[in-house]
Amino acid sequence: MPLAEAMALSNQYDGLGRPSYKKPRLHIEPYDSFEDHKALEELAVWCHQFSPLVGLAEEEPVETLLLDVTGIAPLFGGEQALNHQITTAFRQQSLIVQVGLANTVGAAWALAHYFSVGRNEPCAVPAIKTSSDSSLPELRGACSGLLELPIEALRLPPAIVETLTRLGLERIGDLLPLPRNELKARFGAALLQRLDQALGKQPEIISQIQSPSDFTVEWLFEHPIAQQSIIQQVIRQLIERLCFMLLKQGKGSLQLSYRLTLLDHQPATFEVGCFRPSADANHLGKLTEMQLERLVLREPVTSIAICSTRHARLSQQQKELFDDDSIRRDSPLVASLIDRMAGRLGRQAIVRCVLQSDAQPEKAYRYEPLVGGSGSRKRNSNRSPFSLLDRPLHLLAKPVALESYTVASNGSPSQFQYGGEQHTVSRHWGPERIETGWWRQRGVRRDYYRVETTQGFRFWIFRSLQDERWFLHGAFE
Amino acid sequence: MNHKILQLRELLNRKESEKKPYQSIFSGCLPLDRLLPQRGFQQGSLVEWIAGGAGSGASLLAMQAARSACRGGGTLVLVDRAQSFYPPGAAACQLDLQNTIVVLPAGEQDECWALEQALRCPDVAAVVAWPQRLTSHTFRRLQLAAEHGGSLGLLVRPAAARNESSWASVRMLVSPSPRAESPRVGRQGWQVGIELLRCGGLFGTKPIEVEIDDQTGEVRDAYPRPLAAQLAGTAPDPRKARA
């Protein structure tokens with residue numbers, strides 16, 4: 001949730017609504033989408049107690065579990081009893097869940113997100129019974145609950161929802177009387193696809209999350225082995241076996257977990273991550289070798305186990321007959337490069353930049369690890385609101401206080417000392433005032449100046465309005 | 001003697017172009033391209049920008065070249081050991097961050113390894129890095145990696161690197177121009193001097209002065225030559241002409 005909401009809930013404000021530093025401090029952790037996704041997959045595996053087929057919804061961010069409970073309800077005493085048991089089990093895990101039960105994935109998603117909101121008790125959700133060739137009056141009768149839900153319940157892109165709302169189409173039921181060909185021409189195939197999926201006219205598959213034990217291979221040695229070459233040979237064979245299992249299901253591994261059981265010691269473990277799902281034994285073997293080189297085995301090894309803890313569907317890309325030299329966005333060579341670099345330098349060292357709309361320069365971006373994601377790279381907005389020289393290419397991790405400075409009568413800097421050198425300002429642009437909101441615990445109030453010295457060097461400096469000190473924050477390298 | 005030198009220079013250029021079947025890439029700076037024999041940087045080569053100090057503009061020029069190299073949707077790899085690269089500044093330079101991979105190595109060895117790996121990858125269009133120290137042996141490895149992969153390596157080095165040996169095919173010193181007491185009328189942008197220290201068969205050419213437009217980022221001649229003089233090929237020094 002947003003930080004301000006968390007602080008309000010944890011009562012971090014004094015009687016006047018200002019942030020209070022006397023109350024017990026809130027522990028803040030940055031959001032990690034990779035760990036979040038991993039935790040959700042573990043939850044999906046835990047849900048196998050309710051259904052053998054559990055998957056994650058295809059959405060960003062992922063926050064919905066899909067369980068196929070066809071024919072299972074009688075085992076739990078009926079649909080209501082199943083609903084109750086699921087909700088209670090989640091509550092015991094300190095998790096609040098909203099449940100939607102229907103005979104299509106789309107309808108169940110819609111009910112869970114829009115019908116069950118605000119209900120704390122397991123609710124008696126009517127199952128929607130439709131058939132693929134139902135006429136409009138039959139649909140209205142069978143799906144009355146679904147048709148009253150808002151358009152957003154169809155999992156449409158925000159742009160289509162906004163257009164439909166502007167046209168006065170706010171409920172799912174408003175779409176049914178409209179001619180299908182006109183809807184398709186106006187909004188594309190996505191709208192009709194989602195509508196058909198919700199009404200059961202088009203099937204939708206749940207991509208099953210396998211329990212980790214499904215992709216595990218193990219080798220038990222008759223006698224403990226210390227020779228590195230034998231260990232490497234065994235690992236190579238295990239990887240080939242694992243890749244064969246993955247390929248049979250059309251999957252590739254995103255993360256492999258290795259466990260080497262030692263004779264009289266704690267087992268040695270390490271992990272290998274991939275940028276894209278891979279079932280290439282050669283590629284995974286090379287990444288593993290890089291990790292093995294750094295591993296020191298104090299005792300002989302008695303067994304080796306490799307488990308694919310995260311995996312995803314392999315993407316198939318047909319090669320073009322007349323392939324030119326232009327670089328494709330999702331090049332397998334670049335993916336392999338990313339995997340190798342992440343294997344040697346660590347997952348956190350190979351990142352992509354994501355711009356954030358935050359006034360404070362240090363928080364105007366974040367880095368996201370490339371390896372360990374869902375395998376797809378969502379396109380983020382990289383449009384900058386600044387012109388070329390509004391922001392420097394290099395920013396100091398922490399602003400450096402200027403050793404001495406002189407300020408002109410209009411408040412702009414005229415001279416300053418930095419790095420043992422005296423600089424005289426010949427031109428400046430600014431001030432650009434940057435202030436953060438009152439809800440930020442350590443807010444900033446700064447007047448930034450771009451300065452060009454008489455020697456032609458350009459720097460980004462600011463005056464802190466809180467203590468009137470001057471700092472250098474970046475250089476236009 | 002001059003005739004002999006010109007012949008040798010042509011022979012050298014021919015031999016080098018035989019080795020490198022790669023295209024030349026617009027450097028992002030038209031005045032600089034006019035100086036370069038291939039009218040741009042060669043794919044599969046290293047380009048070294050030596051910064052005349054903090055705030056000299058060397059990285060900005062390197063980014064312009066990187067943007068040009070990645071114009072066809074290619075991948076850019078940035079190796080940033082100091083972790084001082086500022087993505088919003090790069091986005092303001094219209095760099096496509098979606099196709100940019102940032103590598104944050106912990107030490108020098110990892111930095112050189114990452115550089116070599118990235119240069120070797122055929123699908124990486126350009127690699128930008130700020131290595132502080134490069135031994136001759138490592139530099140040679142990077143040059144071979146660039147040749148092998150066909151990437152353009154753009155290395156921004158500190159001023160102290162000027163006296164070190166280099167395997168870059170183009171080596172430039174970038175230093176901003178001091179602001180005169182009475183500035184030239186109409187001067188709006190950031191004036192920066194580029195001295196071509198080495199390029200193929202060229203050595204010690206006259207430094208050029210370019211102006212970076214503050215708004216558009218266009219890099220142009222700081223002292224544009226009159227058209228007639230351009231056509232004639234022998235342009236008078238504009239400063240003497242005004243005097």
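Two strands pair if DSSP finds at least two bridges between them; strands (E, at least two residues) and helices (H or I, at least four) are DSSP runs, numbered from the N terminus. The model is predicted: local features need pLDDT of at least 70, side-chain atom pairs count only at pLDDT 80 or more, and totals for chains, interfaces and linings use all residues. Residues are numbered from 1 along each chain as its sequence is written, with chains lettered from A and ligands numbered from 1 in the order in which they are written.

**Exercise 1.** Find how strand E6 (residues 301-313) of chain A pairs with strand E3 (residues 216-225) of chain A and with strand E4 (residues 251-262) of chain A.

*Solution.* Step 1: E3 and E6 of chain A pair in the antiparallel sense over six bridges, and A:Glu218 has A:Ala305 as its bridge partner in E6(A). Step 2: E4 and E6 of chain A also run antiparallel, joined by 11 bridges; here A:Leu260 is partnered with A:Ile304.

**Exercise 2.** Locate the strand pairing between chain A and chain B.

*Solution.* Step 1: strand E7 (residues 350-355) of chain A pairs with E5(B) in the antiparallel sense over two bridges. Step 2: the bridge partner of A:Ile350 in E5(B) is B:Val103.

**Exercise 3.** Count the residues that each chain brings to the contact.

*Solution.* Step 1: residues are in contact if their C-beta atoms, placed from the backbone, lie within 7 Å. Step 2: chain B gives 55 residues and chain A gives 50. Step 3: on the chain B side, H4(B) gives the most, with six residues.

Technical notes
Contact = placed C-beta atoms within 7 Å.
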